[in-house]
Amino acid sequence: MVQVQPSISSTTDNQRTSDWFRSHADVIRPGSRVLDLACGGGRHSRAAAALGATVVAVDRDGTRLAESRRESQRSGELITWLELDLEQPWPDFGVFDAVLLFRYLDRGRMPEVTRCVAPGGILLMETFLAAQRTQGWGPTSDAHLLQPMEMTRLVAPLELVHAREVFEPVDETRWAWIGSALARNVPDGT
């Protein structure tokens with residue numbers, strides 16, 4: 001397992017990279033192009049940039065993006081920060097070696113997400129399971145919670161490489177029910 005921590009001094013839940021990202025960080029190589037959708041404060045964007053990737057980070061929270069942009073510029077990270085509401089029409093992002101999608105679920109947009117994965121590229125995705133409601137924090141709407149074993153269908157037509165559904169600690173006081181997937185865009189004929 002590759003250990004990656006973004007260059008952020010605090011490691012609160014919103015700033016610490018997920019265990020899933022850290023355990024699959026080796027799929028992000030120097031020079032790869034990475035798209036981080038619904039990036040929030042950019043914890044995974046910054047971790048990918050620390051691995052040598054060129055990152056496009058997208059979120060609708062302009063204040064958080066501005067803070068992250070300042071920090072990444074000080075660190076010399078190659079990140080383009082885009083303020084965009086993913087519930088609105090998307091621009092043509094192009095294709096990327098890796099697409100990151102953490103703690104965000106919009107089933108209707110999954111075809112657009114998977115189209116952003118270049119042939120041979122990967123989708124690294126993680127979000128809450130419906131059982132998260134029992135924890136008293138996190139999303140509560142069915143629209144934003146995965147059903148058991150749903151991840152396999154969501155990442156199609158990509159090939160599911162590795163998936164899990166776990167109950168894991170998030171910080172010193174909270175636990176989360178999480179569904180995670182690593183899926184690859186396998187070019188035809190290979």
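Buried is taken here as under 20% relative accessible area, exposed as over 50%, and partly exposed as in between, with a 1.4 Å probe and protein chains only. Helices (H or I, at least four residues) and strands (E, at least two) are DSSP runs, numbered from the N terminus. The model is predicted, and local features need pLDDT of at least 70, side-chain atom pairs count only at pLDDT 80 or more, and totals for chains, interfaces and linings use all residues. Residues are numbered from 1 along each chain as its sequence is written, and side-chain values use heavy atoms, with hydrogens and water left out.

Helix α2 is mostly covered, with 7 of its 8 residues buried, and these buried residues pack against α1 (19-23), β1, β2 (54-59), α3 (62-75), β3 (79-83) and β4 (96-102). After α2 comes Gly-52, whose phi is positive, near 100°.

His-44 belongs to α2, which covers residues 43-50. His-44 has a relative accessible area of 3% and is therefore buried. Not counting residues up to four places away in sequence, His-44 touches Thr-17, Ser-18, Phe-21, Asp-36, Leu-100 and Phe-102, where contact means heavy atoms within 4.5 Å.

| Class | Lining residues |
|---|---|
| Nonpolar (Ala, Val, Leu, Ile, Met, Phe, Trp, Tyr, Cys, Pro) | 10 residues |
| Polar (the others, Gly among them) | 6 residues |
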